[in-house]
Amino acid sequence: MSVWTARIIKAVSLAVMLAVSPASGPVAASEIGDAKTGARLFQVCKACHRVGKEARNAVGPHLNGVFGRVAGSVEAFRYSEGLIRAGADGLIWTADSLDAYLENPKSLVSRTRMNFIGMPSAEDRSHVIAYLRDFSDKPSDIPEAEPTSTATDHALDPAILAIVGDPDYGEYLSGECLTCHQAGGLDEGIPAITGWPREDFVVAMHAYKKEIRAHPVMRMMAGRLSDEEIAGLAAYFEGLE
Amino acid sequence: MSLSRRSILKGAATTAALSVAPMIMGASHGKPKVVVVGGGAGGATVARYLAKDSKGALDVTLIEPTRTYFSCFFSNLYLGGFRTLESLGHTYGKLASEYGINVVHDWAVGVDRDKKTVSLAGGASLPYDRLVLSPGIDFVDGSVPGWDLSHQNRMPHAYKGGSQTELLKAQVEAMRPGGVFAMVAPPNPYRCPPGPYERVSMVAHMLKENNPKAKILIFDPKKKFSKQGLFQAGWENSYPGMIDWLDSEFTGALEEVRPHSMELVVGGEVTKADVVNVIPAMKAGRIAELAAITNDKGWAPVVPATLQSREDENIHVLGDSAHQGDMPKSGFSANSQAKVAANAIRGALTGSKVFPAKFANTCWSLIGTNNGVKVGAAYEATAEKIAKTSGFISQNGEDAALRKQTYEESIGWYAGISKDMFG
Ligand SMILES: Cc1cc2nc3c(=O)[nH]c(=O)nc-3n(C[C@H](O)[C@H](O)[C@H](O)COP(=O)(O)OP(=O)(O)OC[C@H]3O[C@@H](n4cnc5c(N)ncnc54)[C@H](O)[C@@H]3O)c2cc1C
């Protein structure tokens, strides 16, 4: 990144922050985070991810140039099947998708190997994302690139997670799924969904519903399911061996 | 096993089950009887779901003349060399042995709606409480002048699975170098809207490898067709200069085909071809007509939420034969409709809970190696029709990884729907 672009971005970031909230006040999810704080928070990620000059792939892929990158596309890194699928479906790392992923990796990518419970604070996430942006010359060198801010709150209402699904209703609804997904759990071409932990199932289906996940068929199918119906399906598929 | 021996065995089982199964009895004695005509995408699915979900409370009989169902879905991939014919064949053994469905290999030749019986070519007459018809399509006589079923060996339609597809492939393989493959495309509505165009893609794929100077002509009575933009861009990229799509506005109408001289007369001009694939206009399978539940266009109107015939509440019509609204005539649609119908039938005959109807469809097509596209939609039942609520379609310019993934997804779908139909 050129010094000039960096300066402009910093200046703009600061102006936005000042305009929206007092500098000392809490930062909402929709605002641009502070890269310095992000650097500190990134310590947690460092166990697996490197970023910066000469960063290499480690347990996780390096995170240089992550903005605008297709998920699962760092060469020579062995990704999970789930991440490769998500990338082919059209998942691109943007402030928004990174925010969802950092909040709960499984909401965005089923069976990802990113073993991270998630960062619940929207403010913390926006700092980390701002930090990553410093190593992502793609968006920051292009003035019209999307901002580092995270516009959407992806959090799933705990009340939705708490719904106890009716597995009988789920069984009836599962007919829709079983045209493609096999009850026996075959995982070729179309991913297996049997025996999936209930909560992961619910979170994933709501991510399709909110159009955070990319697959068009699943967006369509999930888009018309009510919270109760998703809970019913989750209860049914969790019980399938 | 003969029908009579099966009936006796079933009868014995019925007596034992009677005392435990809480149910609303059918008009006939014993367990409520459901007879399903046609063991394809709609019929096999509805039979399996009825038997599976009623847990023995229903007596389900499936009438299907063939012992092996060769699916039309993926038959184009067989033409293109991406599948074997065997991989498209499915038998009915599991439906009989694992689900207790009485599978009868015979033709249904008549329906007596007053007596509620179906008569079979073999002479038997089967009583029903509910009848499900899913006989697929038949062709409209005279819709392609010069062609009738007696010409299907010279000019195959390959629009019913199995031997016709095999014949068409053999003909394409035997084409002289630089020869012409002509397709007569069908008018709306017809089975599998993208089917003819996927077929052209697959024939082009085969010719590109073995007969690169050959040409493909499509004579189409329609002004536009399913996934047109995707197919035409795909043809441009993968088979440049090989395929001409000629709509009738441009060429004039197809006047006749001449199977003996392998000619087509279009807009006053005679074209000679080496292979002619005639896909005539379609109507509901003949048995729907014999049951007198079809309209003047030859399709069977149904009640959207239950797939019951508008003419007779004891008959449900699924899949290609049904006149239902916005759903395309596809295997996916037939399978989706079957589950809604199974739920409604079970509710009516056993008192089980009936859940709201939901329908969906996705159709994948292969344009060339690892180049898959898809279109799909969700539907709901309104009073008038099955109405589309949302949909999606692949885009031009998608990257190779997505196209490959879409193709692989279609393979997963084929395996999934086959299991869903045949167990
Ligand atoms: C080239 C091609 C490609 C296709 N590709 C796709 C695809 O990719 N995806 C997709 O979803 N769909 C596809 N389809 C469409 C799909 O094959 C049909 O829509 C689907 O099979 C319809 O199901 P059905 O139950 O109505 O009829 P069918 O599956 O045709 O089943 C009808 C059955 O009824 C039997 N039958 C008929 N009359 C009688 C009688 N009187 N007595 C007893 N049995 C009888 C027949 O033997 C047959 O087995 C394709 C079709 C074609 C031609």
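Predicted model: local features only at pLDDT ≥ 70, side-chain atom pairs only at ≥ 80, totals over all residues.
**Cavities**

I started with a search of the whole structure, and it turned up 2 cavities of 30 Å³ or more.

Residues are numbered from 1 along each chain as its sequence is written, chains are lettered from A and ligands numbered from 1 in the order in which they are written, and side-chain values use heavy atoms, with hydrogens and water left out.

The largest cavity has a volume of about 110 Å³. I counted as lining any residue with an atom within 4 Å of a point. There are 13 such residues, and those closest to the centre of the largest cavity are Gly175(A), Glu176(A), Ser336(B), Lys339(B) and Lys358(B). I then looked up the helices: α9 (167–177) of chain A and α10 (331–350) of chain B each give at least two residues to this lining. Helices here are DSSP runs of H or I with at least four residues, strands are runs of E with at least two, and both are numbered from the N terminus.

By class, I get 7 nonpolar, 3 polar and 3 charged residues in the lining of the largest cavity. The classes put Ala, Val, Leu, Ile, Met, Phe, Trp, Tyr, Cys and Pro under nonpolar, Asp, Glu, Lys and Arg under charged, and the others, Gly among them, under polar.

The second largest cavity holds about 40 Å³ of space. Its lining includes Cys180(A), His181(A) and Gln182(A), and Gly412(B) and Ala415(B) also take part. That lining divides into 4 nonpolar, 3 polar and 1 charged.

**The ligand**

A ligand nitrogen is 2.9 Å from a polar backbone atom of Ala108(B). A ligand oxygen is 2.8 Å from a side-chain N or O atom of Ser134(B), and an oxygen of the ligand is 3.5 Å from a polar backbone atom of Lys329(B). The protein buries 94% of the 990 Å² that the ligand exposes when taken alone, by the Shrake-Rupley method with a 1.4 Å probe.

**Strands and turns**

I called two strands paired if DSSP finds at least two bridges between them. Strand β19 (residues 300–303) of chain B runs parallel to β22 (residues 322–323) of chain B, with 2 bridges, and Pro301(B) stands opposite His323(B). β19(B) also pairs with β20 (residues 308–309) of chain B, antiparallel over 2 bridges; there Val302(B) has Ser309(B) as its bridge partner. Those two strands form a hairpin with 4 residues between them, and Leu307(B) in the turn has a positive phi of about 65°.

A further hairpin joins β6(B) and β7(B), where Lys116(B) takes a positive phi near 55°. These strands pair antiparallel over 4 bridges, with Val111(B) opposite Val118(B).

Last, I looked up a cis peptide bond: Asn188(B) and Pro189(B) are joined by one, with omega about -15°. Pro189(B) sits in the loop between β11 (180–184) and α6 (195–210) of chain B.

How values were computed. 1 Å grid on protein atoms, 1.4 Å probe; cavity = no way out; pocket = protein on both sides within 12 Å on 5 of 7 lines; lining within 4 Å. Points joined across faces, edges and corners; volume = space filled by probe spheres on them. Polar contact = N/O pair within 3.5 Å; in protein donor to acceptor, adjacent residues only side chain to side chain.
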